[in-house]
Amino acid sequence: RVPLYQLARFALHAASGRNEGAAVPLVDARDNLLDIIALLEPRGGRLLLTREALSPDSSALDPYGKLLAEVARTHDSVGYVDIASQLSGPRGAGAFIDDCHLTEVGHARVAAMVQEGLTEAGWLPSSPAR
């Protein structure tokens, strides 16, 4: 029932044309992340957070990027990759179909950034030199 309700709610909000701000307020996003981390850490789990990119300008999501980076800095089990810094503005050329959906090129670039972030965190082995 919840997914159906959420679908209906988001569809009605989108159709109304009203901009009610962020779907998840920052304080709730922080609480949600801390709850996830609290469940993962005792089990040895790790979490890689990524900052979402928008075309042509991701600055609307800057507060969330700051939140994600801060959470990663304060938890050893959490990594962070700033996707937006690599896909915003001219760097995003060819990466987006529209303002938020990625092309095949965009997905490949994100995958490479995630792999690099996992490797830098020590969660994946380094690629052998060729």
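Tutor: Helices and strands here are DSSP runs, helices of at least four residues and strands of at least two, numbered from the N terminus. Please keep in mind that this is a predicted model.

Student: In what order do the elements of the protein run from the N terminus on?

Tutor: The protein contains five helices and two strands. Read from the N terminus on, these elements follow the order α-α-β-α-β-α-α.

Student: What percentage of the residues of the protein count as buried?

Tutor: The accessible surface of the protein comes to about 9000 Å², and carbon and sulfur atoms contribute 58% of that surface. A residue counts as buried when its relative accessible area is under 20%. Among the 130 residues of the protein, the buried share is 27%.

Student: Against which elements do the buried residues of α3 pack?

Tutor: Helix α3 has twelve residues and spans 16 Å from its first C-alpha to its last, which is close to the 16 Å expected at 1.5 Å a residue. Its buried residues are G65, L67, L68, A69, V71 and A72. The elements that these buried residues of α3 pack against are α2 (26-40), β1 and β2 (78-81).

Student: Is S58 buried or exposed?

Tutor: S58 is found in the loop between β1 (47-50) and α3 (62-73). Leaving aside residues up to four places away in sequence, S58 touches R51, E52, A53, A84 and S88. Because the relative accessible area of S58 is 2%, and the cut-off for burial is under 20%, S58 is buried.

Student: How many salt bridges does a search of the whole structure find?

Tutor: Side chains of opposite charge can pair when their charged atoms come close. The criterion used here asks for a side-chain nitrogen of Lys or Arg within 4 Å of a carboxyl oxygen of Asp or Glu. Applied to the whole structure, the search finds three.

Student: Which residue forms a salt bridge with R30?

Tutor: The closest N and O atoms of the pair are 2.5 Å apart. The pair links distant parts of the chain, 40 residues apart, with R30 in helix α2 and its partner in helix α3. That partner is E70.

Student: How far apart are the closest N and O atoms of D62 and R51?

Tutor: D62 is partly exposed, with a relative accessible area of 28%, whereas R51 counts as buried at 11%. In the salt bridge that D62 forms with R51, the closest N and O atoms are 2.1 Å apart. D62 lies in helix α3 and R51 in the loop between β1 and α3, so the pair ties together parts of the chain that are eleven residues apart in sequence. The distance asked for is therefore 2.1 Å, below the 4 Å cut-off.

Conventions
Residues are numbered from 1 along each chain as its sequence is written. This is a predicted model: local features need pLDDT of at least 70, side-chain atom pairs count only at pLDDT 80 or more; totals for chains, interfaces and linings use all residues. Side-chain values use heavy atoms; hydrogens and water are left out. Buried means under 20% relative accessible area, exposed over 50%, partly exposed in between (1.4 Å probe, protein chains only). Contact means heavy atoms within 4.5 Å. Accessible areas come from the Shrake-Rupley method with a 1.4 Å probe; for residues, only the protein chains shown count as cover. The expected span of a helix is 1.5 Å times one less than its number of residues.
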